[in-house]
Amino acid sequence: MCSIHNEDLIRNITKKTTVPIIFRGFVKDWSLCQWTLEKWSSAFGENVIPFRCMKKNFVSAGPCWERMCNKKSMKFKEFLESAESSEEWMYFDYKYLQQWFNADHDLTKEVSWEKFGYPNKDASHSTLWIGTKGAHTPAHQDTYGYNIIAQLYGRKRWILFPPETGNLLPTRVPYEESSVYSKLNFYCPANFDAFNALTGARLVELNAGDALVVPRGWWHYVQNLDNINIAINVWLPHDKDTSTQVSEALIKILVAQVCKDLPEKTAKLLVNPNEDDISDTPLAVLFLQLDTVAKSYLNNKRKVRRYKRQRTCEVDSDTPAVDDPPDDDFDLKSLIENKENNLELPANITTHDLINLLKENLNSFANANKQLEEDEVEGATDKLCLTKAVIDAFCQSNVIDLVKQNLFERLN
């Protein structure tokens, strides 16, 4: 039976897997997994930190977008005191560690992804996620790289779909570079009609000490299951990122130009808060960014073509070709079958099971039997329907791919 025997093999698995992989108990020996909440509170000290908040019983047609959430700032110890009794879920999410802790901090020193085969990835490449029960990230796919998540405290639920899954209603509004959101609400949906068309869902529940690898392009909805939940992650580059960067640069130009001609308050409804400055970015800067990534992509393509020609010449000559050092190959099926490895694939769940999971959410956080008032259902009226439709029509993958193809033909 195959076994995980070195960091090179583990890195190769994380790079090449096309399905999510759970590493059960893989990081339980990290000291961060042994930290008590008192230790975490001490790490933050007297710093006041911002939380994204939303009423737990909020039922809506669409996701709880970041723009809809309240912001509350408090000390970590105050967060702990209010976590269980609060009527809101709270999330200190997507926070780069290096922006909150200096290099000499105990927390910073403890973060290393060497065990996964990435000795050069540390706290400066990692993001922190701290939240309460019900706190969640809307369903989306990351356009760049792949993702490794380490669960440090509490339990977290992941619902995942393959990249090619249909009927997830992808949208670029609210716009955020590198994130394609789904219009479906996996938290407390107002109705379940759209979910009947979904297939291919996979379910993961991470415990403290577990890790998860999310391959490039996989859709995921993530929700905290316990009163306190803490996780860190690292995004790693993928070979196809240079092409995606061109797509994202083109989309950014489109969204920026649409926002420039709208009132500021209206424009902000089209973007996530971290993109609020997009209207102020000069067009020349946006084109410079496009020029940079387009050149990078074309240079990469030329290198690949030269390499292939060189290899062809070597094979045709009398001199034996010298191969690059191969990566360790792996048989994922055998690795998973070896119980000593504690590797798992996320469980497949039926559409019926998925809907029942969402109904459990409604029963936990809202009165599922109550009659909803119109003003309680976010999205009942949408004044930006046409604007959103135009952006999504232009940003559809087949449209952007055609634009890229035409662009590269002209640049070449």
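Hi everyone. Please keep in mind that we are looking at a predicted model.

Let's start with the cysteines. How many disulfides does the structure hold? The count is zero. Take cysteine 188: its closest cysteine sulfur belongs to cysteine 64 and lies 7.5 Å away. A disulfide needs the two sulfurs within 2.5 Å, so that distance is too far for a bond. Cysteine 259 is in no disulfide either, since the nearest cysteine sulfur, in cysteine 395, is 11 Å away. And are these residues buried or exposed? Cysteine 188 is buried, at 0% relative accessibility, and cysteine 259 is buried too, with a relative accessible area of 2%.

Cysteine 395 brings us to helix H10, residues 385–395, where the buried residues are Ile391, Asp392 and Cys395. Those residues cover an arc of only 95 degrees around the axis, so they sit on the same side of H10. What do they pack against? Their partners are strand S11 (170–176), helix H5 (241–260) and helix H11 (397–411).

Now find strand S16, residues 229–236. Seven of its eight residues are buried, so this strand is mostly covered. Which strands pair with S16? One is S7, residues 126–131, antiparallel to S16 over six bridges; there, glycine 131 stands opposite asparagine 229. Another is S9, residues 146–153, which also runs antiparallel to S16 and is joined to it by seven bridges. In that pairing, asparagine 147 has tryptophan 235 as its bridge partner.

How values were computed: Residues are numbered from 1 along each chain as its sequence is written. This is a predicted model: local features need pLDDT of at least 70, side-chain atom pairs count only at pLDDT 80 or more; totals for chains, interfaces and linings use all residues. Side-chain values use heavy atoms; hydrogens and water are left out. Buried means under 20% relative accessible area, exposed over 50%, partly exposed in between (1.4 Å probe, protein chains only). Helices (H or I, at least four residues) and strands (E, at least two) are DSSP runs, numbered from the N terminus. The arc is that of the directions from the helix axis to the C-beta atoms. Contact means heavy atoms within 4.5 Å. Two strands pair if DSSP finds at least two bridges between them.
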